[in-house]
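This briefing covers the cores, a loop contact, the surface and the salt bridges of one protein model. Please look at the structure before reading the points below.

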Amino acid sequence: MTAVAASLTDADLTAATAEDRTAARTRSVGRPLLYAALVLCALLTLLPFFWVVSGSLRGLDEIRSDPGAWLPRHITLDNFARLFRTEGFGRFLTNSVLVALMVVIGNIVAASAAGYALAKLEFAGRRLAFGAVMAAMMVPFTTVFVTQFVITVDMGLADTLTGIALPGVALPLSVFIMRQYAQSVPDELLEAARIDGAGEFRIFFRIFLPLAGPAVATITIMSFLSSWNNFIWPLIVAQSTASYTLPVGLAATSQAAQHVTDYGLVLAGAIVVMLPVLVLFLFLQRYFVQGIAGSGMR
């Protein structure tokens, strides 16, 4: 029996060693293939961005003669110079920054409070309120923008920056992310603060918000991106150039001359519009990943 057991043990060890070698060979072959596939996907994703950068460095005549070229024959910064000399560009940029700040601050305050309440407070209708948030996430903007515009006009906010920012100050997605992240905060920590006599506002500002930094960074990026790139709503609400945001203003000025699109100006404007989003994401990307992971989104 001892010899049989020893032989079985040796056979098992041999089989396990063979399996380990096979798994190691599979990993050694599969990992480079995986990296190659990821690099290829990244390059395909970056191709449109590369073409926009290349186009912004070409003259208008060169763009029109060969619009599909990937590299400029003669590099020029004239498109950017003309963009910054465009009448109203500074006002468009300022309007976009102000609207984005209102949207981001509104989402941080409103979504944080709503998410905390939905996750940590017991009140009548809590499930119904969360169901309303989920339903709002599923409703396309095109089905409600007429109603939003009528309400904006009735409130006297048409052709104002406040009217442009108002529909985005409490995005349902931001509330959902904050609610999901708040559920990961231990209830015992909040109960200990209540036992020590802390009120809900103090718990929210002194305990919950510092712990919710990754979720705050996530909704900051998402709400800023939603506001900064928004075109349809500012186009509808803004009735004069004084209220134009950057995307609307660039679209209007690029077609101002005889209704012919100035593609060099458009591409240079696209670079200017993309840069703040890229910079913000580079600064907050670590917290963004933590916030997505903590909220349970995949």
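Is Ser243 buried or exposed? Ser243 is buried, because its relative accessible area is 6%, under the 20% limit for that class. The model is a predicted one, and the points below start with the surroundings of this residue.

**Ser243 and Asp159**

- Ser243 sits in the loop that runs between H12 and H13.
- Beyond residues up to four places away in sequence, Ser243 touches Asn95, Asp159, Thr160, Leu161, Ile164 and Ala238.
- A polar atom of the Ser243 side chain lies 2.9 Å from the backbone oxygen of Asp159.
- Asp159 belongs to the loop between helix H6 (145-154) and H7.
- With 25% relative accessibility, Asp159 counts as partly exposed.
- The phi angle of Asp159 is near 60°, a positive value in a residue that is not glycine.
- Most residues other than glycine have a negative phi.

**Nonpolar cores**

- The largest nonpolar core has 30 residues, of which Leu83, Ile164, Trp228 and Leu246 touch the most other members.
- Two or more residues of this core come from each of helices H3 (78-85), H4 (89-120), H7 (161-165), H11 (213-228), H12 (232-237), H13 (246-254) and H14 (263-295).
- H14 gives the most to this core, seven residues.
- Another core lies apart from this one and has 23 residues, including Ala119, Val133, Val175 and Phe176.
- Ile164, in the largest core, is in contact with Val99, Trp233, Pro234, Val237, Ala238, Ser243 and Thr245, leaving aside its neighbours within four places in sequence.

**Helix H8**

- Helix H8 spans residues 172-182 and is mostly covered, with nine of its 11 residues buried.
- The buried residues of H8 are Ser174, Val175, Phe176, Ile177, Met178, Arg179, Gln180, Tyr181 and Ala182.
- Among them, Val175 and Phe176 also belong to the core of 23 residues.

**Surface patch**

- Leu40, Leu44, Leu47, Phe50, Trp70 and Leu71 make a nonpolar surface patch of about 610 Å².
- One of these residues, Leu40, is placed in helix H1 (residues 2-56).

**Salt bridges**

- Side chains of opposite charge can pair when their charged atoms come close.
- The structure holds five salt bridges.
- One of them joins the side chains of Lys120 and Asp187, at 2.6 Å from N to O.
- This pair links distant parts of the chain, with Lys120 in helix H4 and Asp187 in helix H9 (residues 187-195), 67 residues apart.
- Lys120 counts as buried at 13% relative accessibility, whereas Asp187 is partly exposed, with a relative accessible area of 45%.
- Glu122 and Arg126 meet through their side chains in a salt bridge of 3.5 Å, N to O.
- Glu122 counts as exposed at 70% relative accessibility, while Arg126 is partly exposed at 23%.
- The side chains of Glu191 and Arg194 form a salt bridge at 3.1 Å, N to O.
- Both Glu191 and Arg194 lie in helix H9, three residues apart, which is about one turn of the helix.
- Glu191 is partly exposed, with a relative accessible area of 41%, and Arg194 is partly exposed, with 24%.

Methods: Residues are numbered from 1 along each chain as its sequence is written. This is a predicted model: local features need pLDDT of at least 70, side-chain atom pairs count only at pLDDT 80 or more; totals for chains, interfaces and linings use all residues. Side-chain values use heavy atoms; hydrogens and water are left out. A nonpolar core is a set of buried Ala, Val, Leu, Ile, Met, Phe, Trp, Tyr and Cys residues joined through side-chain atoms within 4.5 Å. Buried means under 20% relative accessible area, exposed over 50%, partly exposed in between (1.4 Å probe, protein chains only). Helices (H or I, at least four residues) and strands (E, at least two) are DSSP runs, numbered from the N terminus. Contact means heavy atoms within 4.5 Å. Patches are made of residues with over 30% relative accessible area and no salt bridge: like charges are joined within 9 Å, nonpolar side chains (Val, Leu, Ile, Met, Phe, Trp, Tyr) within 5 Å. Accessible areas come from the Shrake-Rupley method with a 1.4 Å probe; for residues, only the protein chains shown count as cover. A salt bridge is a side-chain nitrogen of Lys or Arg within 4 Å of a carboxyl oxygen of Asp or Glu. A polar contact is a pair of N or O atoms within 3.5 Å; within protein, one must be able to donate a hydrogen and the other to accept it, and residues adjacent in sequence count only if both atoms are side-chain atoms.
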